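Trainee: Please walk me through this structure.

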2 protein chains.
Amino acid sequence: MPAKKYDVVGIGNAIVDVIARTDDDFLVAEGLAKGTMRLIDGVEAERLYARMGPSIEASGGSAANTIAGLASFGASAGFVGKVAGDGLGNIFGHDIRAIGVDFDTAPLDGGAATARSLILVTPDGERTMNTYLGACQELHPQDIHEGFVGEAAIVYLEGYLWDPEPAKQAFRKAADIAHAKGGKVAFSLSDAFCVDRYRSEFLELMRGGAIDILFGNESEIHALYETSDLATAIELLRKDVPLAVTTRGVEGSVVTFGPGTFQVPAASVEEVVDTTGAGDLFAAGFLYGHSRGMALTTCAELAALAAAEVIGHMGARPQVSLKELAQQNGFPL
Amino acid sequence: MPAKKYDVVGIGNAIVDVIARTDDDFLVAEGLAKGTMRLIDGVEAERLYARMGPSIEASGGSAANTIAGLASFGASAGFVGKVAGDGLGNIFGHDIRAIGVDFDTAPLDGGAATARSLILVTPDGERTMNTYLGACQELHPQDIHEGFVGEAAIVYLEGYLWDPEPAKQAFRKAADIAHAKGGKVAFSLSDAFCVDRYRSEFLELMRGGAIDILFGNESEIHALYETSDLATAIELLRKDVPLAVTTRGVEGSVVTFGPGTFQVPAASVEEVVDTTGAGDLFAAGFLYGHSRGMALTTCAELAALAAAEVIGHMGARPQVSLKELAQQNGFPL
């Protein structure tokens, strides 16, 4: 089989983040579950925005952040996601193309606005997300082109795609194309509440062979198997996917593949400023290494390095070249 | 005279910053003069944006940044500036109101989009600004209301207001109202090229008694008096305004009032990340102290503290409470 044009093509919700610092009292007053993502409608988006403090805007979206990380490592990458033809859509498109990522999904013509996530960052660096999906609701299977997705060595999909209804079909179509063309499918569980909403469908995807590589954090894996015992969850995971990576925050990560299991520590961080994008950038580092045929331990170390960079500042995308950062840390990229 | 409702009301261009890191080669290739502000039209804004790297968006505008700083110190403040009824206008309005500033200028109905400044930040932390004025071109004298501007102990105006033609009249009207109501008028020279464009008008304003407090940096003062000798420029300045503050970057600042002159050192900064807003926040600290009747030395020290905070991170507005920062540094606010 000839080499693919793209190391990774990501498919996900195309979102601009609206990020404000806040205190814990505000989360309590608003009844928000810290560290999670909740979906909100346009009315609630307006209401909450009016109550939030001054914000910065920065392109986000889980899979899009991962793709930005991959581009920063030097991977060739593409992205599929639905924006509207408005100011935020323009920002999203600019930012992903400016880092060399191919992004050609037709913007939504009329209808809902570009998605935004109102992200509240508490002093401990934890982020709590309130997402208005807007135009993302209109990502359809016809947005998935075989000539694009079929050119990816790895197709990366976010669990959040299960929220906008037509995107499920887009997801399935993309996974089918990837496998038909000899590519792999990687999947992120995204969020524990998201797993709660779609547990049976996610398990069906995994057990049906649609997923080759799975990313999840501890609470997502617990939610998936409805157990509070990590060892139990990981043993179940081993049976359901060929390769799984479970992130555990400061405890590092656990990689499970066939009969094997190993752990990799987290990279050190001077100060945790904003955890937004930690999981996304972890996936970026891992997939970069994997796409280049590196050992799984090296993949997990690159993953930890990329996650550490992004939680050291506000915003969910790297502020330095991850390729240079990795080289400075002794990785022969 | 009864106490005023506002410590300071600022009048300026209502701008959202689009901030990207870049290298010096890009500035050279684009023929941009580092550290300055140039005006661009909509076509150039699109062209340059397409060539810039990934960006973050954050509310800016020189006088608006100063007002944000004043609010962060705990001052009561208002702002007058023209946005359009679009996404960036919504962001600007949200961010300034979210910090407790009164902002009621009617948005432009139809016509140009909200102003944006494409800001390129080089590794040395210096910022180079490319500003599309858009809706700011339509700030008119009828946007200046006596019931608002007349309620300010100090009215703060930016030199950049001389670029959008009708804003000059708005500026003059605001200064007249301030003086008629017993308030003071503070003015920032904004930029050396801006001073070059409007030198005679700025000098006329100063010599005609329209300006009580003037802020400028070394290069702006040099441009104003067309001399490369700072001592010469400062002696000329002394004759033209009752109180002048000349900022000199790491060299600190020079305050000139009547026959007196004193210097205050710059506050220490761990790392200069982005100088955007340094002058704006300097003015905020100085005016806060001045509005509370503090000694001029204390005003200049608060100014240096606020400037040091803002250059330590990306973006032109404070990321912490300046009131708390000042208290931690021993100022009895």
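Mentor: One convention comes first: angles under 35 degrees count as roughly parallel, over 145 as roughly antiparallel, 65 to 115 as roughly perpendicular and the rest as oblique. This is a predicted model, in which local features need pLDDT of at least 70 and side-chain atom pairs count only at pLDDT 80 or more, while totals for chains, interfaces and linings use all residues. Residues are numbered from 1 along each chain as its sequence is written, and chains are lettered from A and ligands numbered from 1 in the order in which they are written.

Trainee: At what angle do helices H8 and H9 of chain A cross?

Mentor: The axes of H8(A) (residues 218-225) and H9(A) (residues 230-240) cross at roughly 70° and come within 9 Å. Therefore H8(A) and H9(A) are roughly perpendicular to each other. Axes are lines fitted to C-alpha atoms, for helices over the stretch in contact, with angles from 0 to 180 degrees between N-to-C directions. Helices (H or I, at least four residues) and strands (E, at least two) are DSSP runs numbered from the N terminus.

Trainee: Which residues make that contact?

Mentor: H8(A) brings Glu218(A), Ile221(A), His222(A) and Tyr225(A), and H9(A) brings Leu230(A), Thr232(A), Ala233(A), Leu236(A) and Leu237(A). Contact here requires C-beta atoms, placed from the backbone, within 7 Å. By class, the contact of H8(A) with H9(A) has six nonpolar residues, two polar and one charged. Ala, Val, Leu, Ile, Met, Phe, Trp, Tyr, Cys and Pro count as nonpolar, Asp, Glu, Lys and Arg as charged, and the others, Gly among them, as polar.

Trainee: On to the sheet. How many strands form the open sheet in chain A?

Mentor: Nine strands form the open sheet of chain A, in the order E6-E5-E1-E9-E10-E11-E12-E13-E14, with mixed pairing. Strands E6 (102-103) and E14 (260-264) of chain A stand at the edges with a single partner strand each, so one side of each has no neighbour in the sheet. Strands count as paired if DSSP finds at least two bridges between them.

Trainee: What packs on the sheet?

Mentor: Helix H3 (residues 62-73) of chain A does, touching E1 (6-11), E5 (77-80), E9 (152-158) and E10 (184-188) of chain A. The direction of H3(A) makes about 160° with that of E1(A). Helix H11 (residues 296-311) of chain A lies across E12, E13 and E14 of chain A and runs at about 150° to E13(A).

Trainee: How are E12 and E13 of chain A paired?

Mentor: E12(A) (residues 243-247) and E13(A) (residues 253-257) pair in the antiparallel sense over five bridges. Within that pair, Ala244(A) stands opposite Thr256(A) in E13(A).

Trainee: And how many residues of E1(A) are buried?

Mentor: Six of the six residues of E1(A) are buried, so the strand is largely enclosed by the rest of the structure. A residue is buried if 20 or more other C-beta atoms lie within 10 Å of its own, exposed if 12 or fewer, and partly exposed in between, again with C-beta atoms placed from the backbone. E1(A) pairs with E9(A) in the parallel sense over five bridges, where Ile11(A) stands opposite Leu157(A). E1(A) also pairs with E5(A) in the parallel sense, over four bridges, and there the bridge partner of Gly10(A) is Phe79(A).

Trainee: What about E10 in chain B: how many of its residues are buried?

Mentor: Five of the five residues of E10(B) (residues 184-188) are buried. Both faces are covered, with Lys184(B), Ala186(B) and Ser188(B) on one side and Val185(B) and Phe187(B) on the other. Five bridges join E10(B) to E9(B) (residues 152-158), and the two run parallel. Across that pairing, Ile154(B) stands opposite Lys184(B).

Trainee: Is His290(A) buried or exposed?

Mentor: His290(A) is buried, with 25 other C-beta atoms within 10 Å. His290(A) sits in helix H10 (residues 278-291) of chain A.

Trainee: Last topic, the contact between the chains. How many residues does each chain give?

Mentor: Chain B gives 19 residues and chain A gives 19 residues. On the side of chain B that touches chain A, strand E4 (56-59) and helix H4 (87-97) of chain B are the elements that give two or more residues. H4(B) gives the most to that side, with five residues. The residues of that side divide into nine nonpolar, six polar and four charged.

Trainee: Which way do the E4 strands of the two chains run?

Mentor: E4(A) (residues 56-59) and E4(B) run antiparallel and are joined by three bridges. Glu57(A) stands opposite Glu57(B) in that pairing.

Note on methods. Two residues are in contact if their C-beta atoms, placed from the backbone, lie within 7 Å.
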